[in-house]
Amino acid sequence: MRVLIVDDNLLWSDRLRRCVASLGYDASVDPTGEEEGGADVVIVNLGSPELDVAKIVQRHPGATVIGRCGHKEAALREAAMAAGCHRLATNGELSRALPRFLASLDPS
């Protein structure tokens with residue numbers, strides 16, 4: 001399973017990439033959100049004002065898109081769902097639940 005991390009925060013994205021890779025999945029980082037297709041799961045930093053979530057969803061048809069933001073950022077959460085995110089998670093939720101969530105999406 002291929003996981004794409006769309007995040008311009010280099011420290012967080014590298015940490016997340018290493019976590020995903022340690023679970024045995026192919027993980028890559030695209031800080032701009034311009035990479036086209038091929039991902040099964042896309043994790044997007046909703047806090048980056050430069051990223052267009054709707055375009056990212058369109059670029060990865062069939063992928064499960066997870067939006068990451070703070071739990072108090074209601075406007076970002078609503079906009080992300082309207083743009084096509086399948087799931088929202090805070091940093092803490094992502095850290096705790098990512099292994100279980102990815103395992104539930106893995107077709108193998």
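This is a tour of one predicted model, stop by stop, with what to select and what is found there.

Residues are numbered from 1 along each chain as its sequence is written. Because the model is predicted, local features need pLDDT of at least 70 and side-chain atom pairs count only at pLDDT 80 or more, while totals for chains, interfaces and linings use all residues; side-chain values use heavy atoms, with hydrogens and water left out.

**Stop 1: the largest nonpolar core**

Select Val6, Val42, Val44, Leu46 and Cys85. Among the 16 residues of the largest nonpolar core, these five touch the most other members. A nonpolar core here is a set of buried Ala, Val, Leu, Ile, Met, Phe, Trp, Tyr and Cys residues joined through side-chain atoms within 4.5 Å. Buried means under 20% relative accessible area, exposed means over 50%, and partly exposed is in between (1.4 Å probe, protein chains only).

Now colour β1 (2-6), β3 (41-45) and α2 (53-59), each of which supplies at least two residues of this core. Helices (H or I, at least four residues) and strands (E, at least two) are DSSP runs, numbered from the N terminus. The most comes from α2, which gives 3 residues.

Apart from this core lies another one of 15 residues, including Ile43, Ala89, Leu98 and Leu102.

**Stop 2**

Centre on Cys85. Leaving out residues up to four places away in sequence, Cys85 touches Leu46, Val53, Val57, Val65, Gly67 and Ala80. Contact means heavy atoms within 4.5 Å.

Move to Val44 in strand β3. Val44 has a relative accessible area of 0% and is therefore buried. With residues up to four places away again not counted, Val44 touches Val6, Leu51, Val53, Ile56, Val65, Ile66, Gly67 and Arg68. For a distance, pick the C-alpha atoms of Val44 and Ile56: the two residues are 12 apart along the chain, and these atoms are separated by 8.5 Å.

**Stop 3: the cavity**

Select Ile66, Arg87, Leu88, Ala89, Glu93, Leu94, Ala97, Leu98 and Phe101, which line the largest cavity. A cavity is a set of points, on a 1 Å grid over the protein atoms alone, where a 1.4 Å probe fits but cannot get out; lining residues have an atom within 4 Å of a point. The count is 1 cavity of 30 Å³ or more, and the volume of the largest cavity is about 60 Å³. Grid points are joined across faces, edges and corners, and a volume is the space filled by probe spheres set on the points.

Which elements each supply at least two residues of the lining? They are β5 (87-89) and α4 (91-105). The largest share, 5 residues, comes from α4. By class the lining has 7 nonpolar, no polar and 2 charged residues. In this classification Ala, Val, Leu, Ile, Met, Phe, Trp, Tyr, Cys and Pro are nonpolar, Asp, Glu, Lys and Arg are charged, and the others, Gly among them, are polar.

**Stop 4: salt bridges**

The structure holds 6 salt bridges, each a side-chain nitrogen of Lys or Arg within 4 Å of a carboxyl oxygen of Asp or Glu.

Show Arg68 and Asp7, whose closest N and O atoms are 2.4 Å apart in a salt bridge. This pair links distant parts of the chain, with Arg68 in strand β4 (residues 64-68) and Asp7 in the loop between β1 and α1 (10-22), 61 residues apart. Both residues are buried.

Next, show Asp14 and Arg18, which form a salt bridge at 3.0 Å, N to O. Because they are 4 residues apart in helix α1, about one helical turn separates them. Asp14 is partly exposed at 30% relative accessible area, and Arg18 is partly exposed at 47%.

Then take Arg59 and Glu36, a salt bridge with its closest N and O atoms 3.4 Å apart. Arg59 belongs to helix α2 and Glu36 to the loop between β2 (26-29) and β3, 23 residues apart. Glu36 is exposed, with a relative accessible area of 56%.

**Stop 5**

Gly37 sits in the loop between β2 and β3 and is partly exposed at 21% relative accessible area. Beyond its neighbours within four places in sequence, Gly37 is in contact with Arg2, Arg59 and His60.

End at Pro99 in helix α4, which is partly exposed at 32% relative accessibility. The C-alpha atoms of Pro99 and Leu23 are separated by 7.0 Å, although the residues are 76 apart along the chain.

Terms used
On a 1 Å grid over the protein atoms alone, a cavity is a set of points where a 1.4 Å probe fits but cannot get out, and a pocket is an open set with protein on both sides within 12 Å along at least five of seven lines; lining residues have an atom within 4 Å of a point.
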